[in-house]
Amino acid sequence: MDAVDETSSFFDTAPLLKDGDIITRKLTQFIDQKSSSSGIGPRRVVCVTSGGSTVPLEQRCVRYIDNFSSGHRGATSTEYFLKSGYSVIFLYRSHIVDRFRKIRYSNVSRLPKMIHAYKYKESHSEAVKTAISEHHAAVSGGFLLKLPFTTIFEYLQILRLIATSMQMLGPSGMFYLAAAVSDFYVPWESMAVHKIQSASGPLDMRLAQVPKMLSVLRKVWAPTAFCVSIKLETDKEILLEKADAALKRYKMNAVVANELSSRKEVVKLLFLL
């Protein structure tokens, strides 16, 4: 079974995306405003993905598999894309403090949801006001569309909607895939409906591989878009080899390679020439 067939099978058995019609309408409106039909030529649009996807263990989920991703890199990149003249579709992990609102201020831990629960120093107060002002200006100005996800099912279904909606932008569309996407999952049809009971004894669970959506994104969903992915490894000895393989296998335009312990200080960029 090739990647396209595996992807189709994944979506056919996935739970129905909540508010899919609403998300589609938002995307259509946002992208139509950026297309050449506006009379001023297409505006560059980038989809930035951010944060980690969860893997539910039950359909009525109590337990799930998660990862450590904070979403900071995707949020930081979103700010820079906006400053560089891009419109941004920000596909981010919900229930994590919106990192876009604190991007430039690493010493401010949470805002603005927790803004009333803390007393900041005066210098921080001005930084908070500036960050919130810039955030609201980007949203109200129609330059930033925020779409939250939690599970691997939600992430991939929304990414497909974004990609197919961005086809009309051609090479003016871009994907910056910074989300930490689950490599394994529990298929919906084989998942426990209710909370797994500890009285049943040790849990023995087989995880299926998530289909390689990057190749489908490049070949089918958005074949003319510019695509950047991120490769994270804990073993620096295999990092460049794995990043180069991703670059060639999925035809990425660029891959950001980083090793876990030094990811905040050092990255290596690989380009497809």
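How many nonpolar, polar and charged residues does the lining of the second largest pocket have, by class? I return to this below, after noting what kind of model I am reading.

**Entry 1: the model.** I am working with a predicted model, in which local features need pLDDT of at least 70, side-chain atom pairs count only at pLDDT 80 or more, and totals for chains, interfaces and linings use all residues. Residues are numbered from 1 along each chain as its sequence is written, and side-chain values use heavy atoms, with hydrogens and water left out.

I looked up the confidence and found that the protein chain averages a pLDDT of 84, with 85% of the residues scoring at least 70; pLDDT is the predictor's confidence in each residue, from 0 to 100. Confidence is lowest in helix 4, at a mean of 70, and highest in helix 5, at 97. Over residues 101-120 the pLDDT is below 50, and this stretch has 38 contacts in the model beyond near neighbours in sequence, a contact meaning heavy atoms within 4.5 Å.

I counted 7 helices and 11 strands in the protein chain, where helices (H or I, at least four residues) and strands (E, at least two) are DSSP runs, numbered from the N terminus. Of the 273 residues, 47% count as buried; I take buried as under 20% relative accessible area, exposed as over 50% and partly exposed as in between, with a 1.4 Å probe and protein chains only.

**Entry 2: the second largest pocket.** I noted about 290 Å³ of space in the second largest pocket. Its lining comprises 14 residues, and the closest to the pocket centre are Lys18, Asp19, Ile23, Pro148 and Ile158. Helix 2 (20-32), strand 5 (144-149) and helix 5 (152-165) each give two or more residues to this lining, and strand 5 gives the most, with 4 residues.

To settle my opening question, the lining has 7 nonpolar, 2 polar and 5 charged residues. In this count Ala, Val, Leu, Ile, Met, Phe, Trp, Tyr, Cys and Pro are nonpolar, Asp, Glu, Lys and Arg are charged, and the others, Gly among them, are polar. For the pocket itself I used a 1 Å grid over the protein atoms alone, a pocket being an open set of points where a 1.4 Å probe fits, with protein on both sides within 12 Å along at least five of seven lines; lining residues have an atom within 4 Å of a point. Grid points are joined across faces, edges and corners, and the volume is the space filled by probe spheres set on the points.

**Entry 3: aspartate 19.** I placed aspartate 19 in the loop between helix 1 (3-13) and helix 2. Its phi is near 60°, a positive value in a residue other than glycine, and aspartate 19 is partly exposed, with a relative accessible area of 42%.

**Entry 4: strand 4.** Is strand 4 (residues 87-93) buried or exposed? I found 7 of its 7 residues buried, so strand 4 is largely enclosed by the rest of the structure. On one side lie Ser87, Ile89, Leu91 and Arg93, on the other Val88, Phe90 and Tyr92, and both faces are covered.

Strand 1 (residues 45-50) pairs with strand 4 in the parallel sense over 6 bridges, pairing requiring that DSSP finds at least two bridges between two strands; cysteine 47 stands opposite isoleucine 89. Strand 4 and strand 5 also run parallel, joined by 6 bridges, and leucine 91 has leucine 147 of strand 5 as its bridge partner.
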